[in-house]
Amino acid sequence: MIELLLYIASGAFVGLAIGLTGVGGGSLMTPMLMMMGYPYNVAIGTDLLYASITKSYGVVVHTKQKTVNWRLVILLASGSIPASLLTAIFLKDFFAHAGEYESIMTTSLGIMLVLTALVMLLRRYLPDQDSKHWKRFHPSSRSREIIIFVGGFLLGIFVTLSSVGAGALCAALLIILYPTMATSRIVGTDIAHAVPLTFVAGLGHWLLLGNVDFLLLGALLIGSLPAIRIGSRLSTNIPNELLHKILGFLLLGVGFKLVF
């Protein structure tokens, strides 16, 4: 009973962070579960399904507001979904048990945490349509679509291995390639792609690898769903940039520790 309450409280903590900053599902939940003693593979697999459920409401909201670019979602998913399935199949067929792919997952988690932290800390410096970088780079529409597909494929691999990156890294890619796109459409498109990716990756971990703890998942959701709502309401009264910096440096430290 005490453990169950601890998991609910952990879910509430991460849910509050998600509501306050819009970030924190995979990047906070997976390392926290590992620190609580859960095997890395169970933490990653459970967190993937957790992320798909907690972000689903966001897809509904953004769809109603018409802030989802479905063409980009399809382009991203056409790369990421097959890559996720192939990654899960690779882990199942080439390794006898979870211990054999531990280093692959923990290193991937560390790398993705570092990249996510850097995006959070440096996001304000990403190019906009008036920047010299954008005017010099300015890829064609076809080139951008190819980059989006390849980016989606890489995300599919690393999100399946780490549960991190479906949100922050995808958003950064969209900002760089489409700097004139409204922020609301960046966020809506990002979330609309993250939900099916994390769901498929989570299913792969469950059905092929047995890496999902449903009791833990239920407890986390009980705590996090109301906390996300509370955090969203509080976010207007708290300096968001400061929270992003604190969370960014925290993830940076955890990421470097896992990599090195």
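Start with the aromatics: ring pairs tie Tyr40, Phe90, Phe94, Phe95 and Tyr101 into a cluster. Rings of Phe, Tyr and Trp (its six-membered ring) pair if their centres lie within 6.5 Å, and planes under 30 degrees apart are stacked, over 60 edge-to-face and the rest tilted. Bear in mind that this is a predicted model, where local features need pLDDT of at least 70, side-chain atom pairs count only at pLDDT 80 or more, and totals for chains, interfaces and linings use all residues. Numbering runs from 1 along each chain as its sequence is written, and side-chain values use heavy atoms, with hydrogens and water left out.

There are six aromatic pairs in the structure. In one of them, the ring centres of Tyr40 and Tyr101 are 6.4 Å apart and the planes sit at 85°, so this pair is edge-to-face. It links distant parts of the chain, with Tyr40 in helix H3 and Tyr101 in the loop between H4 and H5, 61 residues apart. Helices here are DSSP runs (H or I, at least four residues), numbered from the N terminus. Tyr40 is buried at 9% relative accessibility, and Tyr101 is buried at 3%; buried means under 20% relative accessible area, exposed over 50%, and partly exposed in between (1.4 Å probe, protein chains only).

Trp206 and Phe214 also pair edge-to-face, with centres 5.1 Å apart and planes at 80°. Trp206 is partly exposed at 39%, and so is Phe214 at 42%.

Now follow H3 itself. The axes of H3 (residues 40-64) and H9 (residues 183-209) come within 7 Å and cross at roughly 145°; axes are lines fitted to C-alpha atoms over the stretch in contact, with angles from 0 to 180 degrees between N-to-C directions. Their contact has 13 nonpolar, 11 polar and one charged residues. Ala, Val, Leu, Ile, Met, Phe, Trp, Tyr, Cys and Pro count as nonpolar, Asp, Glu, Lys and Arg as charged, and the others, Gly among them, as polar.

Two loops deserve a look at their backbone. Lys66, in the loop between H3 and helix H4 (70-94), has a positive phi of about 55° although it is not a glycine. Ser163, in the loop between helix H7 (141-162) and helix H8 (168-177), has a positive phi of about 70° and is not a glycine either. Is each one buried or exposed? Lys66 is exposed at 69% relative accessibility, whereas Ser163 is buried at 6%.
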